[in-house]
Amino acid sequence: AAGKDRTGVLAALVLELLGVDDAEIAADYALSADAMARRLAWLQANRPDGAVAMARQPAGWLAAPADAMLALLAHLRRAHGGAARYLRGHGVDAFTVEALQENLLGGAARR
């Protein structure tokens, strides 16, 4: 609903591939908490039943703590060797990873 779960993980993978610092990735992810708060406010004003259902969710459902993303990135490196190796291990070929980096970085230096 706010880009913090599947979309947030995908964004983190791409940003890690591009050499973005973990702290910046985590800070970007944490912005999703604001989006969840705006969604709740919209629901309260426009769909009160949706706001009630959202309020019944565990508190973690609305949260997007930077520490959670930092933990995910650390696990990604520890368990898989980083985003590129993780993606290659799940069917994304090296050409696709390199093309993504080249298209988004335009030949800029990568880590």
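1. The chain of this predicted model exposes about 7,000 Å², of which carbon and sulfur atoms supply 57%; accessible areas here come from the Shrake-Rupley method with a 1.4 Å probe, and for residues only the protein chains shown count as cover. Buried residues, meaning those under 20% relative accessible area, make up 26% of the 111 residues in the chain.

2. The chain has 8 helices and 0 strands, where helices (H or I, at least four residues) and strands (E, at least two) are DSSP runs numbered from the N terminus. The radius of gyration, taken over C-alpha atoms, is 17 Å, well over the 13 Å that the globule rule (2.2 Å times the number of residues to the power 0.38) gives for 111 residues, so the chain is more spread out than a compact globule.

3. In helix H2, which runs over residues 22-30, the buried residues are Asp22, Ile25, Ala26 and Tyr29. Seen down the helix axis, they fall within an arc of 95 degrees, so they line one face of H2; the arc is that of the directions from the axis to the C-beta atoms.

4. The cover over these buried residues of H2 includes helix H1 (6-17), helix H3 (32-46) and helix H6 (66-80).

5. Residues are numbered from 1 along each chain as its sequence is written, and side-chain values use heavy atoms, with hydrogens and water left out. Local features need pLDDT of at least 70 and side-chain atom pairs count only at pLDDT 80 or more, whereas totals for chains, interfaces and linings use all residues.

Definitions and conventions: Buried means under 20% relative accessible area, exposed over 50%, partly exposed in between (1.4 Å probe, protein chains only). Contact means heavy atoms within 4.5 Å.
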